[in-house]
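Dear colleague,

Please find the structure below, handed over for your use.

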Amino acid sequence: MTYIEKRLFDGEEIVYCGDFPGIHKFWAWVALLFLGIIVIGIFIFIGMMVHFRTTEFCVTSRRIVLKKGFFTANMYELELDAIEGAHVRQTFFGRIFGYGTVEVRGRGESDIDFPTMSKPGAFVAAIEEARMNAQAAPVEHLAEEMKS
């Protein structure tokens, strides 16, 4: 069970979780294989793997969450109704290999910059779908009450 799964509210469920791109994991293995002889590759590999394992980013039915950290947990979250927009940034190679970064802007000065992830467009699409479902839920509930 992940850190974010342990901290879900009642009735809240995970809609989509992002992941690091495979090319980043590939570079960790390259560092281990080619620089491992000099020991520095082992430290690079361990550092990258700890970063991959201790960073989580998910879209839930109520909010978006970014969790970073191993010894200390830094959680950044933004309610779906507070989101004003999202930007996807992809380099040339990011477009080819399917990775990029996402920046989500919220009301006021609340922004969340997500780390490089695979399929950033799918992450933004999941945010938009969760926002639409969250907005439609009260209307559907009201329609059911009016039928009764």
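**Nonpolar surface patch**

Leu33, Phe34, Leu35, Ile37, Ile38, Ile40 and Ile44 make a nonpolar surface patch of about 750 Å². The model is predicted, so local features need pLDDT of at least 70 and side-chain atom pairs count only at pLDDT 80 or more, while totals for chains, interfaces and linings use all residues. Residues are numbered from 1 along each chain as its sequence is written, and side-chain values use heavy atoms, with hydrogens and water left out.

Helix H2 (22–35) and helix H3 (40–54) each supply at least two residues of the patch; the largest share, 3 residues, comes from H2. Helices (H or I, at least four residues) and strands (E, at least two) are DSSP runs, numbered from the N terminus. Ile37 is found in the loop between H2 and H3 and is exposed, with a relative accessible area of 75%. Buried means under 20% relative accessible area, exposed over 50%, and partly exposed in between (1.4 Å probe, protein chains only).

In H3, the residues Gly41, Phe45, Phe52 and Thr54 are buried. The buried residues of H3 pack against H2, strand S2 (56–60) and S3, where contact means heavy atoms within 4.5 Å.

Strand S3 (residues 63–68) contains Ile64, which is buried at a relative accessible area of 0%. Not counting residues up to four places away in sequence, Ile64 touches several residues, among them Cys58, Tyr76, Glu77 and Phe114. Ile64 and Glu77 are 13 residues apart in sequence, yet 5.5 Å apart in space, C-alpha to C-alpha.

With kind regards

Notes:
Patch = residues over 30% accessible without salt bridge, like charges linked within 9 Å, V, L, I, M, F, W, Y side chains within 5 Å. Areas by Shrake-Rupley, 256 points an atom, 1.4 Å probe, with all protein chains shown as cover. Salt bridge = Lys/Arg side-chain N within 4 Å of Asp/Glu carboxyl O.
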